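Student: I'd like to learn how to read a fold like this one. Can we go through it together?

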Amino acid sequence: MTRISTSRADTGESYDAEGVLRGENMSGDESRRCTVCRGAGFVHPLLPSGEPDYSRVVPCTCREQALVRQKQGLLERYSNLGLLTHYSFDTLRSSGRTGAPDGYQAAYEAARRYADDPCGWLVLVGPVGSGKTHLACAIANSRITRGAPAFYVSAADLLDHLRAAFNPGSDVSYDDLFSQVRNAPLLVLDDVRAEGASDWSRQKLEQILNHRYNLRLPTVITTDAALDELDPGLSARFVDSQFCSVLLLGRTRDSGLQMPALPDGLKQETFESFDYRRTELSDEQQQNLEMAYSLALDFARQPEGWLMFQGVHGCGKTHLASAIANSRLAAGQPVLFVVVADLLDYLRSAFGPDSRVSYARFFEEVKQSPLLILDDFGEQSSTPWARSKLFQLINHRYNARLPMVVTTCLSLDEMEIRISSRFADPRFGTVFNILAPHFNVDVYDHESGR
């Protein structure tokens with residue numbers, strides 16, 4: 001805190017009893033609010049000798065605090081948040097409310113990171129009540145408390161305001177309002193809908209999003225519609241995983257997706273039930289299996305990058321992958337565990353005319369799963385269609401840096417090169433070959449020769 005002088009100077013100016021210059025526009029009550037400057041708003045700093053430097057004045061800390069409050073008030077009015085200013089990360093728990101949807105934890109953490117450094121687009125997809133609007137407003141309010149501008153508007157209100165701006169008696173011109181939304185330093189566009197949109201509405205939203213995409217302006221978007229239900233002109237930019245992060249908070253409306261997070265038969269496969277000291281194993285195999293166990297345990301604690309277990313059937317790789325899934329689920333974290341052949345069957349069935357599942361929506365949920373476990377990779381039929389779908393899935397998660405666990409009986413050399421090259425990238429993934437044989441293989445008896 002800057003020290004102030006208690007000496008008087010013969011300047012004809014009004015000082016209080018402690019020798020502090022009063023501000024002429026301050027009332028007596030206002031002057032007593034700050035115990036440092038008594039309302040003057042500035043003070044004389046002290047020289048190294050301890051004497052006041054009457055040749056200079058510096059703002060008092062109360063003036064700086066008042067300017068901060070004034071700036072925050074202006075930012076709050078600009079933000080258009082209104083009663084939503086109480087939606088903050090402090091009023092949220094990272095685990096969400098009771099019964100929080102799958103993906104909430106990942107969305108919460110992504111929103112916190114985005115609030116720290118708003119870059120690109122963040123799209124929150126989920127049903128009504130999933131918490132996506134609260135997260136979006138928490139980002140805006142967090143930026144305002146840091147002195148940065150953010151503008152919130154629901155898509156429906158925006159379109160209503162734009163229509164009203166055509167009225168000659170409108171307080172705001174159409175061009176000014178449209179420009180404000182298009183160029184907002186951070187835009188939160190809430191509740192983008194799929195149904196009931198006129199051609200004019202779609203065109204206006206598309207113009208806004210295209211402009212912000214081309215200028216790389218930070219944008220947060222929420223919707224309760226699956227991405228394939230939105231007009232392609234609106235959702236086309238969302239597939240750019242280098243610039244846009246799409247997070248799912250539970251199932252979107254009528255998704256029809258019925259895949260369990262983990263098959264019932266694997267819910268007993270935990271770290272506690274995994275035995276890496278099997279007596280039939282050699283010392284080298286035991287050490288190798290113990291190392292695989294440690295890798296899986298570390299990954300379950302903090303899933304980052306990719307972890308691939310190679311080995312023969314029954315060596316323990318699926319047990320370790322299931323243990324990771326069970327550990328994450330026990331901690332309330334979302335996981336999708338799927339056998340690759342089953343995944344392809346789901347995708348094929350979604351093409352059927354009687355399917356209640358949208359193919360694009362289902363595939364998007366798999367691609368965007370916060371943690372995906374692919375079991376028995378390579379056991380699927382090697383048709384061009386299957387290879388294409390798997391490459392799309394793996395390439396998307398590779399570009400988006402989404403965590404994944406893979407088990408396979410194949411070596412990298414036996415896989416398609418464009419897939420194996422992503423698995424083999426040491427900057428992002430770990431490939432571990434389990435040496436243990438199938439746990440039911442009989443131990444060779446040297447004495448009997450059997």
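Tutor: Let's begin with pairing: two strands pair if DSSP finds at least two bridges between them. Helices (H or I, at least four residues) and strands (E, at least two) are DSSP runs, numbered from the N terminus. This is a predicted model, where local features need pLDDT of at least 70, side-chain atom pairs count only at pLDDT 80 or more, and totals for chains, interfaces and linings use all residues. Residues are numbered from 1 along each chain as its sequence is written, and side-chain values use heavy atoms, with hydrogens and water left out.

Student: How many bridges join β4 to β5?

Tutor: In general, strands of a sheet pair through backbone hydrogen bonds, either parallel or antiparallel. Here β4 and β5 (residues 187–190) run parallel and are joined by four bridges. One to look up is S154, whose bridge partner in β5 is D190.

Student: What is the strand order in the open sheet?

Tutor: Five strands, in the order β4-β5-β6-β3-β7, with parallel pairing. β4 (151–154) and β7 (244–248) are the edges; each has a single partner strand, so one side of each lacks a neighbour in the sheet. From one strand to the next, the twist averages 15°.

Student: Which strands does helix α3 lie across?

Tutor: For this you need axes, which are lines fitted to C-alpha atoms (for helices, over the stretch in contact), with angles from 0 to 180 degrees between N-to-C directions. Contact means heavy atoms within 4.5 Å. α3 (residues 104–116) lies across β3 (121–125), β6 (219–223) and β7, at about 155° to β3. Helix α4 (residues 132–145) packs on the sheet too, touching β3, β4, β5 and β6, and its direction makes about 165° with that of β6.

Student: Which residues of α5 are buried?

Tutor: An α-helix has 3.6 residues a turn, so residues three or four places apart point the same way. Buried means under 20% relative accessible area, exposed over 50%, partly exposed in between (1.4 Å probe, protein chains only). In α5 (residues 155–164), the buried ones are A155, L158, L159 and L162. They span an arc of only 95° around the axis (taken from the directions from the helix axis to the C-beta atoms), which puts them on the same side of α5. These buried residues pack against β4, α6 (174–182), β5 and α7 (199–214).

Student: And S130: buried or exposed?

Tutor: Buried, with a relative accessible area of 3%. S130 sits in the loop between β3 and α4, and its side chain reaches the backbone oxygen of P127 at 2.8 Å.

Note on methods: A polar contact is a pair of N or O atoms within 3.5 Å; within protein, one must be able to donate a hydrogen and the other to accept it, and residues adjacent in sequence count only if both atoms are side-chain atoms.
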